[in-house]
Amino acid sequence: QVQLVESGGGLVQPGGSLRLSCAASGSFFRINVMGWYRQAPGKERELVARISSGRSTNYADSVKGRFTISRDNAKNTVYLQMNNLKPEDTAVYYCHVNAYGSDRNEYNSWGRGTQVTVSP
């Protein structure tokens, strides 16, 4: 129902910034929550940030004050601005979307992930 394409990952030095983007496409009625999760080697996937259709936001404590999530409903795109990056932010970042399909059923979709590496 919903296909997600992520971009913006890469290698950055500690203290640097990156901006992730995730564009949704496909056959859907309405996108509800959009969010970013991450998974570091040997660890479980965890929520980084999410934003509702009304633009209410939630952040993991570890990224509060450094990361900002936003969305452009006209483009069906969610962004994650990451500032003051730390080595512990190194992970594969996954986009997640909760949406109502054209059949009015609720779907959860995941992107393939984009690698973020923070290293000197």
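**Figure 1. Arg 38 in strand 4 of the predicted model.** Arg 38 is a residue of strand 4, in a model that is predicted rather than experimentally determined. Because its relative accessible area is 6%, under the 20% cut-off, Arg 38 counts as buried. Two polar contacts of the Arg 38 side chain are shown: one of 3.0 Å to the side chain of Asp 89, and one of 3.3 Å to the side chain of Ser 62. Beyond four places in sequence, the residues that Arg 38 touches include Glu 44, Arg 45, Glu 46 and Val 48. Further along the chain, Arg 38 also touches Val 63, Phe 67, Glu 88, Ala 91, Val 92 and Tyr 93, among others.

**Figure 2. The largest nonpolar core.** This core comprises 30 residues, and the members touching the most other members are Trp 36, Leu 80, Met 82 and Tyr 93. Two or more residues each come from strand 1 (2-7), strand 3 (18-26), strand 4 (28-39), strand 5 (46-51), strand 7 (67-72), strand 8 (77-82), strand 9 (91-101) and strand 11 (114-118). The largest contribution is that of strand 9, with 5 residues.

**Figure 3. The disulfide between Cys 22 and Cys 95.** The model contains 1 disulfide, in which the sulfur atoms of Cys 22 and Cys 95 lie 2.1 Å apart. The S-S torsion is about -85°, and the disulfide is therefore left-handed. Because Cys 22 belongs to strand 3 and Cys 95 to strand 9, the pair ties together parts separated by 73 residues in sequence. Both Cys 22 and Cys 95 are buried.

**Figure 4. The whole chain, as context for the close-up views.** The protein has 11 strands and 0 helices. Its radius of gyration is 14 Å, close to the 14 Å given by the globule rule for 120 residues, so the protein is as compact as a globular protein of that length. Along the principal axes, the C-alpha atoms fill a box of roughly 50 × 25 × 20 Å. Of the 120 residues, 41% are buried. Among contacts with a separation of 6 or more, 55% are between residues 24 or more positions apart. The accessible surface amounts to about 6400 Å², with 45% belonging to carbon and sulfur atoms.

Conventions: Residues are numbered from 1 along each chain as its sequence is written. This is a predicted model: local features need pLDDT of at least 70, side-chain atom pairs count only at pLDDT 80 or more; totals for chains, interfaces and linings use all residues. Side-chain values use heavy atoms; hydrogens and water are left out. A nonpolar core is a set of buried Ala, Val, Leu, Ile, Met, Phe, Trp, Tyr and Cys residues joined through side-chain atoms within 4.5 Å. Buried means under 20% relative accessible area, exposed over 50%, partly exposed in between (1.4 Å probe, protein chains only). Helices (H or I, at least four residues) and strands (E, at least two) are DSSP runs, numbered from the N terminus. A polar contact is a pair of N or O atoms within 3.5 Å; within protein, one must be able to donate a hydrogen and the other to accept it, and residues adjacent in sequence count only if both atoms are side-chain atoms. Contact means heavy atoms within 4.5 Å. A disulfide is a pair of cysteine sulfur atoms within 2.5 Å. The radius of gyration is taken over C-alpha atoms; the globule rule is 2.2 Å times the number of residues to the power 0.38. Accessible areas come from the Shrake-Rupley method with a 1.4 Å probe; for residues, only the protein chains shown count as cover.
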